[in-house]
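Subject: Structure for your review

Dear colleague,

Please find the structure below, handed over for your further work. A summary of the findings follows it.

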There are 2 protein chains.
Amino acid sequence: MTRRISELLRHGQPNELVTIKGWVRTKREQKGFSFIEVNDGSSMAGLQVVMNADLPDYESIVKRLSTGASVEVSGVLVSSLGKGQRIEVKANSVIVYGEADPETYPLQKKRHSFEFLREIGHLRSRTNTLGAVFRVRNACSMAIHQFFQEQGFIWVHTPILTASDCEGAGEMFAVTSLDLKKVPLTENQSVDYTQDFFGKPTYLTVSGQLEAEIMATAFSNVYTFGPTFRAENSNTSRHLAEFWMVEPEMAFCDLEGDMDLAEAFLKYIFSYVLEKCPEDMQFFNDRIDNSVLTTAENIIQNEFERVTYTKAVELLLKSDRPFEYPVEWGLDLQSEHERFLAEELFKKPVIVTDYPTQIKAFYMRLNEDEKTVRAMDILAPKIGEIIGGSQREERLDVLERRIQAQGLELKDYWWYLDLRRYGTVPHAGFGLGFERLVQFMTGMGNIRDVIPFPRTPLNVEF
Amino acid sequence: MTRRISELLRHGQPNELVTIKGWVRTKREQKGFSFIEVNDGSSMAGLQVVMNADLPDYESIVKRLSTGASVEVSGVLVSSLGKGQRIEVKANSVIVYGEADPETYPLQKKRHSFEFLREIGHLRSRTNTLGAVFRVRNACSMAIHQFFQEQGFIWVHTPILTASDCEGAGEMFAVTSLDLKKVPLTENQSVDYTQDFFGKPTYLTVSGQLEAEIMATAFSNVYTFGPTFRAENSNTSRHLAEFWMVEPEMAFCDLEGDMDLAEAFLKYIFSYVLEKCPEDMQFFNDRIDNSVLTTAENIIQNEFERVTYTKAVELLLKSDRPFEYPVEWGLDLQSEHERFLAEELFKKPVIVTDYPTQIKAFYMRLNEDEKTVRAMDILAPKIGEIIGGSQREERLDVLERRIQAQGLELKDYWWYLDLRRYGTVPHAGFGLGFERLVQFMTGMGNIRDVIPFPRTPLNVEF
């Protein structure tokens, strides 16, 4: 039976007969024998294979082996004299499945820029860094599921296709089955959607929150975890047109409960990944960003500070810092303000609550002062805003007033209002951009390098 | 602390002081006391609450309680004299969060048709049947993750937005940021995609397989689990425009390994759900389809039969059955043929392999006879086809030939071909339509009732 290399590196014992399958990372030829390092993607480290010259077909096999070639190796585990490795395989047989011509294979041993690697998105996961990223991404995904499932949350699959363009969370992509070359128009020159697949304008969702609220009024505690979209023409290291979001929603929950859950959630995720992917995380700390581990520890070990927006503004004004953007009650906090609070003032994660009504969404619960809403943002050192959430407005009359105040139509929210009409409950939730979490966790500078196939303006390859 | 009702029903002991929060399912008033059944979505069964007339504000509280109202109940657990329940709560306090006017609340105690419930998709999860469906859907999702993760598979998030329209798996939705009212055209009257977000025609994916193959050549074993799309105008009980798919892909794996994995996978999923959701599964068997449990047992307990397509055609011809559709080597098997094989001939799941080349996709591995490919479909009693998979063509020259034979352009597959050019490996995988699995597992007749917010022609509400 084929053994996984990660498992052999941990538990393999000398004299075991093993078979491994993977891809050659490096080859070194010496007089009378050769070494190859074989990687199967199960761990950053590969397993060293020693081939003696008396191996059948030694010459022709070694000739066919080069970085990227695929092999099956059977042999016996032996203690390794090489540094950095406990065991290696002495090969009894080597089968080469596929060669990788060194003249043309783009992934030679030398370092490549992440920009270049994006152009070969079909091969880049074979590199140390991207391999580590996607193992961490997987562990992080499982941490999310495990955290919520352990507490009885139901994973709900909210729709990607939606007819509501009205939440205002961002620009949306249109989805259509009409022939774009000749879109049918009505008499007054608007699109004749009666001929389209859904009979009305349809978009890619920007958030599953409103549907998650539906499900929370049936199952109490639910979460979404799936792709969301923004048609924003942002070419930055932090924006994707397609990205994954996590959005828990809890019935019978207020902002305090929401904050408690979010704090426990982040601590859990970071602890889980440190435990499951220690080598990969060490690699990021050594090679990508040497604050990765201290940032993780900071999140895990500190009780998060909680301050109101009003208090945060006071503290910023008192700081006498020459901020680039103005600090004034009613204006949104900028990244520089958020980082000052988390990194310099409190030196740990900070939850800012109760933001001004006018800078937050209509569905956030209005405080008695009517000037602020029960919103919360979590700011972390080195990271900035990582989670945004709120208690939702559960009072029918207040919600109707807020919708109308934004110039929106009540009828577009008939079902959302029904949730307040029938058995309404205090409820709350938050949203976390999954790629940003992975980016922060790994220290990767560009968000395009933490998702397998990034979609950004003009980029939809693979 | 609030307790979950599922947990109390299992472990609650008389004399415990408890608080529960949920929605009223039924109310019965008697002289001097009233009963309500409270459900919080954690289980099919609710918890019975007894309110004595000496409860503070008894009269006004009882008046506000009706089906759908949301409540918080604190009290003491007592043994129940009612049939079908071990314990109940004697209320010390009842808080009504939200009423549900019996005059207008659509979910009264009487039975509703599933068609009607789809019109109130924001409320239907509060019913017994839909509640059970989405708990089973959640358990099924977790079974999928757990099965693959235990074996070291990496969950990969393949893209939703894609520029390849060429796999031919089905009609695709177009995605655009162009203004549909005035789509810009080039001089020769084709769409000027240079002005669109991605600079080229972009679609919603019909399958993550090709990208999963990329990831399998880095991590050996991977799986996708996410939404996919079809713009087919099919108004049937088995078609959705948006549905979730599971697609594992294994490097160093042939069709035998693929079948072994698929069989183990199905057995695992069904066992897991039976274990995690026994009450819900019993409910489906009692109320929806009385073959649900025997179908599950059939899958779990039988070794799947494996026959070639050629053999299957022989068996069908020999059967002397008056099938509606012709049976002839080279034609695809129809549902009636598949059900005959699984239900009548073998009376257990059957894997049919090695289909004619011309009825299967270009990427399936060509057999030496050149007439058949290493494809496999799993057919289950009462269910029909539930899984389709194949060993993939890993030989560069053969794959190029197959692509060209289909009239496709090699350059559109440059990266897919590169996987065969550099370290190619035998590999295989399969696809499972997640909603069909849930449909079969629960016996639900219409696929629109196993996804929270179904998208079908002209339906994109909620």
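Chain A is divided into domain 1 (5-98) and domain 2 (126-160 + 212-449), the bounds coming from an automatic or database domain assignment. Please note that this is a predicted model, in which local features need pLDDT of at least 70 and side-chain atom pairs count only at pLDDT 80 or more, while totals for chains, interfaces and linings use all residues. Residues are numbered from 1 along each chain as its sequence is written, chains are lettered from A and ligands numbered from 1 in the order in which they are written, and side-chain values use heavy atoms, with hydrogens and water left out.

The C-alpha centres of domain 1 and domain 2 of chain A lie 45 Å apart. The contact (heavy atoms within 4.5 Å) takes 7 residues from domain 1 of chain A and 8 residues from domain 2 of chain A. About 590 Å² is buried between these two domains of chain A, with carbon and sulfur atoms giving 42% of that area; buried area is the accessible area (1.4 Å probe) that two parts lose on being put together, summed over both. R10(A), R25(A) and M44(A) supply 74% of the area that domain 1 of chain A buries against domain 2 of chain A, more than any other three residues.

Chain interface

Chain B and chain A each contribute 107 residues to their contact. The area buried between chain B and chain A is about 8,700 Å², of which 68% comes from carbon and sulfur atoms. H157(B), F197(B) and Y422(B) supply 9% of the area that chain B buries against chain A, more than any other three residues. Between chain B and chain A the count is 0 salt bridges, whereas 41 residue pairs are in polar contact across this interface (both at pLDDT 80 or more). Helix α4 (residues 128-150) of chain B gives the largest share of the side of chain B that touches chain A, 10 residues. Helices (H or I, at least four residues) and strands (E, at least two) are DSSP runs, numbered from the N terminus.

Sheet and barrel

An open sheet of 8 strands in chain A has the order β6-β10-β11-β16-β15-β14-β13-β12, with mixed pairing; two strands pair if DSSP finds at least two bridges between them. Strands β6 (154-155) and β12 (305-308) of chain A stand at the edges with a single partner strand each, so one side of each is left without a neighbour in the sheet. Strands β11 (residues 242-251) and β16 (residues 427-433) of chain A run antiparallel and are joined by 5 bridges, with M245(A) opposite G433(A) in β16(A).

A closed barrel of 5 strands in chain A runs β1-β2-β3-β5-β4, also with mixed pairing. Within chain A, 6 bridges join the antiparallel strands β2 (residues 33-39) and β3 (residues 47-52), and S34(A) has M51(A) in β3(A) as its bridge partner.

Salt bridges

Over all chains the count comes to 50 salt bridges. In one of them, the side chains of D280(A) and R135(A) meet at 3.0 Å, N to O. This pair links distant parts of the chain, 145 residues apart: D280(A) is in helix α7 (residues 278-288) and R135(A) in helix α4 of chain A.

Yours sincerely

Notes: Salt bridge = Lys/Arg side-chain N within 4 Å of Asp/Glu carboxyl O. Polar contact = N/O pair within 3.5 Å; in protein donor to acceptor, adjacent residues only side chain to side chain.
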